[in-house]
Amino acid sequence: MTSKEFIESGILELYVLGTLSAPEKAEVERMCAEHPEVKAELEAVEHAMELMDQELGIAPPVSVKQKLFDALPESAPVGKQLHLEPASETKNNWMMAASVTFALLSFGTALFFFQRYSSVSGEYEALVAQNSMMAQELNQVKNSLDQNEQMLALATDENTKRIQLNATKEGSNLQLFVYWNTTSEEVYLDLGNLGTPGDQQDYQLWAIVEGKPIDMGVIDFTNSNSLVKMKNIKGAVAFAITLEPKGGLESPTLENMVVLGQITT
Amino acid sequence: MSGRTVYIIPEEELVRRVQEKDKLAFEYLYDRYSKAIYGVVFRIVRSEEVASEVLNDAFLRYWERSEKYDSSKGKLYTWMVNIARNLAIDKTRSKEFSQSGKTDSVESFVYAEAALPMEEMKVDGIGVRELLSKLKPDQAEIVDLMYFQGYTQSEIEEKFNIPLGTVKTRLRAGMILLRKLLNVDK
């Protein structure tokens with residue numbers, strides 16, 4: 001049977017009316033799959049019947065629709081997915097909005113904590129620096145305290161002599177003190193208002209023992225403390241400071257003497 | 001021509017959404033097809049009450065069994081109308097229906113003398129009777145019996161002694177003429 005004969009037989013109309021037997025239906029489906037012109041005619045018959053039914057349609061009573069939709073389940077049965085498009089969109093929109101909100105909140109929170117962290121981090125570094133400075137200061141204070149304690153111990157020791165050294169030149173108001181413990185033979189120099197001598201020179205302390213000047217060392221200004229430990233000495237009758245070339249000399253340059261103090265017995 | 005539905009949702013999408021139990025889509029399906037299907041059902045059962053019942057049952061079946069629809073076998077409407085037609089035919093053959101006296105038994109059927117209550121089927125300015133009057137009587141008889149009243153070809157062969165081949169060719173010829181009259185061919 002050609003496809004034309006097949007079409008002309010009227011079997012397609014019966015197929016559309018749903019009155020064919022199972023083998024006949026299978027035959028129509030096979031012919032449609034194999035012959036595009038059969039498939040096209042089947043679609044034409046279907047289309048025509050649908051439109052004819054639309055033309056000849058009769059509006060059903062309104063109550064039918066009411067009853068039908070009242071009988072439908074309110075929501076999708078359990079286990080079946082409901083893809084109601086508008087609702088789905090709403091859900092997506094809601095989820096999108098929630099996601100965006102969450103992202104913004106997260107970003108905001110992160111930014112807040114980052115700023116807090118940066119701020120705290122800066123504060124922490126400042127505190128570390130401050131702590132370091134305070135430690136240094138504490139160290140200096142401790143050193144200062146130690147020296148003051150030493151000085152106090154020295155000054156209050158009954159064997160310590162406090163010798164005032166006065167300026168030897170007209171117009172100079174230099175005044176220093178030497179603390180000398182005659183028992184321990186330790187010597188401390190209180191620099192008083194003595195200024196630094198410059199890069200090429202040093203102030204050098206001398207002790208006069210049995211008429212002869214003994215080197216007590218050059219004065220170290222690197223330590224900011226006003227009390228400088230010098231060499232030990234015994235049997236001194238006087239102390240003097242001269243301004244000498246850098247590093248000092250073995251014997252003093254007398255014309256460069258700045259201060260002198262005699263030990264009163 | 002009037003009364004044609006403007007299709008807004010493509011059939012493929014409509015099927016998918018109904019299969020996913022989308023109530024809005026199902027309501028669209030009802031609004032789009034209930035009139036055509038109710039017309040088909042009413043012409044078979046000839047009772048507003050029974051036609052309403054059948055229409056309700058048919059749509060419940062579309063809702064519950066939409067996943068059975070196979071687009072490769074034909075259009076959605078073809079599937080729908082066949083379910084409705086079969087439900088309507090089942091009604092006419094049920095004991096209850098026969099006892100109600102509403103049956104249009106083959107024996108009482110007299111097409112040519114307009115025994116059928118065609119007037120009540122007249123809608124949108126065009127009625128089945130008016131249409132059938134345009135066909136040759138032998139074609140109109142077969143179209144009326146099969147297309148409008150839901151008889152099967154074997155029932156017609158048996159009750160009216162018309163050979164199956166003749167039933168088919170008369171139906172085909174009648175349908176082609178109706179397609180031309182209604183100007184529904186693509």
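1. Among contacts in chain A between residues at least 6 apart in sequence, 56% join residues at least 24 apart; two residues are in contact if their C-beta atoms, placed from the backbone, lie within 7 Å. In chain B, residues 24 or more positions apart account for 60% of the contacts with a separation of 6 or more. This is a predicted model, in which local features need pLDDT of at least 70 and side-chain atom pairs count only at pLDDT 80 or more, while totals for chains, interfaces and linings use all residues. Residues are numbered from 1 along each chain as its sequence is written, and chains are lettered from A and ligands numbered from 1 in the order in which they are written.

2. Chain A has six helices and eight strands, whereas chain B has nine helices and zero strands. Helices (H or I, at least four residues) and strands (E, at least two) are DSSP runs, numbered from the N terminus. In chain A the elements run α-α-α-α-α-α-β-β-β-β-β-β-β-β from the N terminus on.

3. Of the 265 residues of chain A, 22% count as buried; of the 186 residues of chain B, 40% do. A residue is buried if 20 or more other C-beta atoms lie within 10 Å of its own, exposed if 12 or fewer, and partly exposed in between, with C-beta atoms placed from the backbone.

4. The strands of chain A form an open sheet of eight, in the order β5-β4-β7-β8-β1-β2-β3-β6, with antiparallel pairing. Two strands pair if DSSP finds at least two bridges between them. Because β5 (212-218) and β6 (227-230) of chain A stand at the edges, each with a single partner strand, one side of each is left without a neighbour in the sheet. Neighbouring strands of this sheet are turned by 25° against each other on average, direction ignored; axes are lines fitted to C-alpha atoms, for helices over the stretch in contact, and angles run from 0 to 180 degrees between N-to-C directions.

5. Part of the sheet can be followed strand by strand. Strands β1 (residues 160-167) and β2 (residues 175-181) of chain A run antiparallel and are joined by seven bridges; Gln175(A) in β2(A) is the bridge partner of Asn166(A). On to β3 (residues 187-190) of chain A, β2(A) pairs in the antiparallel sense over four bridges, with Val178(A) opposite Leu189(A). The hairpin of β2(A) and β3(A) has five residues between the strands, and Glu185(A) in the turn has a positive phi of about 70°. Four bridges join β3(A) to β6(A), again antiparallel, and Val187(A) stands opposite Met230(A).

6. Between the chains, 55 residues of chain B are in contact with 41 residues of chain A. On the side of chain B that touches chain A, at least two residues each come from α2, α3, α4, α7 (137-148) and α9 (164-182). Helix α2(B) gives the most, with 11 residues. The residues of this side of chain B divide into 24 nonpolar, 13 polar and 18 charged; Ala, Val, Leu, Ile, Met, Phe, Trp, Tyr, Cys and Pro count as nonpolar, Asp, Glu, Lys and Arg as charged, and the others, Gly among them, as polar.

7. Helix α3 (residues 48-65) of chain B has 18 residues and reaches 25 Å from its first C-alpha to its last, close to the 26 Å expected at 1.5 Å a residue; the expected span is 1.5 Å times one less than the number of residues. Its buried residues include Val50(B), Leu55(B), Phe59(B) and Tyr62(B). What covers the buried residues of α3(B) includes α5 (62-71) of chain A together with α2 (23-45) and α4 (76-93) of chain B. Of the 18 residues of α4(B), 13 are buried.

8. The axes of α5(A) and α3(B) come within 10 Å and cross at roughly 35°. The crossing is right-handed, that is, the near helix is turned clockwise from the far one by less than a right angle, anticlockwise being left-handed. Val64(A), Lys67(A), Leu68(A) and Ala71(A) of α5(A) make the contact with Ser52(B), Leu55(B), Asn56(B), Phe59(B) and Leu60(B) of α3(B). These residues divide into six nonpolar, two polar and one charged.

9. Trp63(B) is found in helix α3 of chain B. With 20 other C-beta atoms within 10 Å, Trp63(B) is buried. Leaving aside its neighbours within four places in sequence, Trp63(B) is in contact with Leu72(A) and Phe26(B). Trp63(B) and Val18(B) are 45 residues apart in sequence and 7.0 Å apart in space, C-alpha to C-alpha.
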